[in-house]
Amino acid sequence: MATETLSIGKALNTGLRRALENDPKVVIMGEDVGKLGGVFRITDGLQKDFGDQRVIDTPLAESGIIGTAVGLAIRGFRPVCEIQFDGFVYPAYDQIVSQVAKMHYRSGGKLRIPMVIRIPFGGGIGAVEHHSESPEAYFSHTPGLKVVSCANPQDAYVMIQQAIASDDPIVFLEPKRRYWEKGPVDLDAPLADAYPLHASRVARPGTDATLLAYGPMVRTCLEAATAAAEDGRELEVIDLRSISPLDLGIVYDSVRRTGRAVVVHEAPSNVGLGAEIAARITEECFYSLEAPVLRVTGFDTPYPAARVEEEYLPDLDRVLDAVDRSFGW
Amino acid sequence: MAKGDPGVSTRGRRAAPRSRKAAGADPDLVQLLTPEGERIDSVTGPDGTVYRADLTDDEYRGLYRDLVLVRKLDAEATALQRQGELGLWASLLGQEAAQVGSGRALRTQDMAFPTYREHGVLYCRGIDPIMPLGLFRGVDQGGWDPNEFKFNMYTIVIGAQTLHATGYAMGVTMDGRMGGDDGEAVIAYFGDGATSQGDVNEAFVWASVFNAPLVFFCQNNQYAISEPLERQTRVPLYQRAAGFGFPGVRVDGNDVLASYAVTRTALDNARHGQGPSLIEAYTYRMGAHTTSDDPTRYRIASEVEAWQAKDPIARMKAFLTKQQLVDDDFFAEVDEQARRESLHLRERVLAMPNPEPVTMFDHVYPNGSPLLDEQRATFNRYMDSFEGSAH
């Protein structure tokens, strides 16, 4: 078994390479994805090896990237579109929400749009405005789209390939501040045997409370669980992985055992994923709950200047504070 | 030169200018100062417009001073980023003439809509050069008052500001502020990459059909991060204007005199009710896209060297020297002023405090929000819960 230690960024790069090798209809398109290899180098070396017909530097127009990818998909290609930063996806929002999401439905199932829209998302890298946003709720609210996020190199490698192989249009959110974090990746395990794309997974078992997160916040929750263990509290951390549809089966099992749940995401709380998750847990686990489901999120402000993002973003302290509040209920 | 109108002026007294039609190696290019510093008296553009920059000696010297200062401040910002004092910097290196020329062509009443690289225009508008550094340091998201300085906030989302400029210009018409010499005009800055955006093309349509008093000023610096111009267009960008129904002209963006003359003409046409136009300032981004970028991955050194020979400051210096418009001390004095101002800038950046975290809740809504007030109060209680908290 070839297990290598890769960063999340390199794991995505390797997964994309695999997808290009395995299916000649896979094309990568986006701004600076070719010669430069993307501003985060996620497509590094791919144009060199697969040519500029399969790894396409597009004109600088996000609506154009997604709109033309729709046409390519109708034609039988499997476009993997890179949006350079989260805050630059909105010019393409109309194409994604009105066209990509609805094409299958409108055609009565005759058309499939097997498109992956890769977006580096979230904050914590000290960037200027429009470079640190968490737009997952906009897409999760749109029927016809699926939304996933990876939190470790193994998932990055596998999930990007699964997303490309899927006939559903998928918004693939990459935790940009975790791009450089490393972990083991099994490069040889067959994709068919891999853990399902739209399934959540226990990232750390525990008995006292349940932490729920996806993407960049999984790591934060794991660190919080480690800190809590030193204080004698065992927190279960669940990596949701699939943001839409949510896979909450193991979440319900967990909350029925622990009686407490805290949802953590970087996006603002108002009408966010935390609200949806809290509502569903309340419906399914009402008699098991010892406290209301709590949320730790970004605040309901535009993403602030970089010098205060540390206070804006949920961190270990805020997660543990919420756990304390849950226990103090 | 002061912000605004440099006034009608007499030609450099010892200049021995010549006239020509835009012709030769690049017949499209309006140029009034060659890379060697040779002055051209007037140039006829593709639509017959005659361009000339008859400035006083003081104004020539002033433009040189602007160029040097703007470059020096920009270099200081790059250095500050390298030392970890700024999160990022988008350098204007190489584009000083396009920015100073167009910036000085603006009259006081004119409004500008920049991208995130128009530090030179910002300087010409009289805004403290510390202002954009707050944005790139991450302590605020801009800082200057757009209405006070007639210079909007920087816009990072590519091309979005062209529509804002168009709407603003439509407002000028609706307010009846067009017509005379005191009429208002608007300028929208964007780059070659932005011309692919839907927003920019929509701005062209709107400006055209509403005859907006607007100048589209495209600095074609040849690259959108790594992608060369050929990835955005198969025709010279200025020619796109024709399809939208307004004139377009290509100017040597490394020639501050031509950039000034062409922009001044276009703005004056706009303010007098003759509608929008497109200026393509043909230039080159000598540095990286931003400090996060490594241009050696996608372009060759010989190309950069070829553009180095067209340097906007060197040619202005050659012109001033050849025409004996300056005394011996002038260049040293300008350099000394640039050194002083950049040092001052550095000191103030280093002294820039981080904002209080709770200020992130400010200015979300003009009328506030109970939900947000509650969140702010919770945040304050949370911050106070830490031992030794200053709150």
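Helices (H or I, at least four residues) and strands (E, at least two) are DSSP runs, numbered from the N terminus. By that rule, chain B has 13 helices and eleven strands. The model is predicted: local features need pLDDT of at least 70, side-chain atom pairs count only at pLDDT 80 or more, and totals for chains, interfaces and linings use all residues. Residues are numbered from 1 along each chain as its sequence is written, while chains are lettered from A and ligands numbered from 1 in the order in which they are written.

**Chain B overall**

- The C-alpha atoms of chain B fill a box of roughly 75 × 50 × 40 Å along the principal axes.
- Of the 391 residues in chain B, 48% are buried (20 or more other C-beta atoms within 10 Å of a residue's own, with C-beta atoms placed from the backbone).

**Helices α8 and α12 of chain A**

- Helix α8 (residues 216-230) and helix α12 (residues 316-327) of chain A have axes that come within 9 Å and cross at roughly 60°. Axes are lines fitted to C-alpha atoms, for helices over the stretch in contact, and angles run from 0 to 180 degrees between N-to-C directions.
- α8(A) and α12(A) are therefore oblique to each other.

Methods. Parallel < 35°, antiparallel > 145°, perpendicular 65-115°, else oblique. Buried ≥ 20, exposed ≤ 12 C-beta atoms within 10 Å, placed from the backbone.
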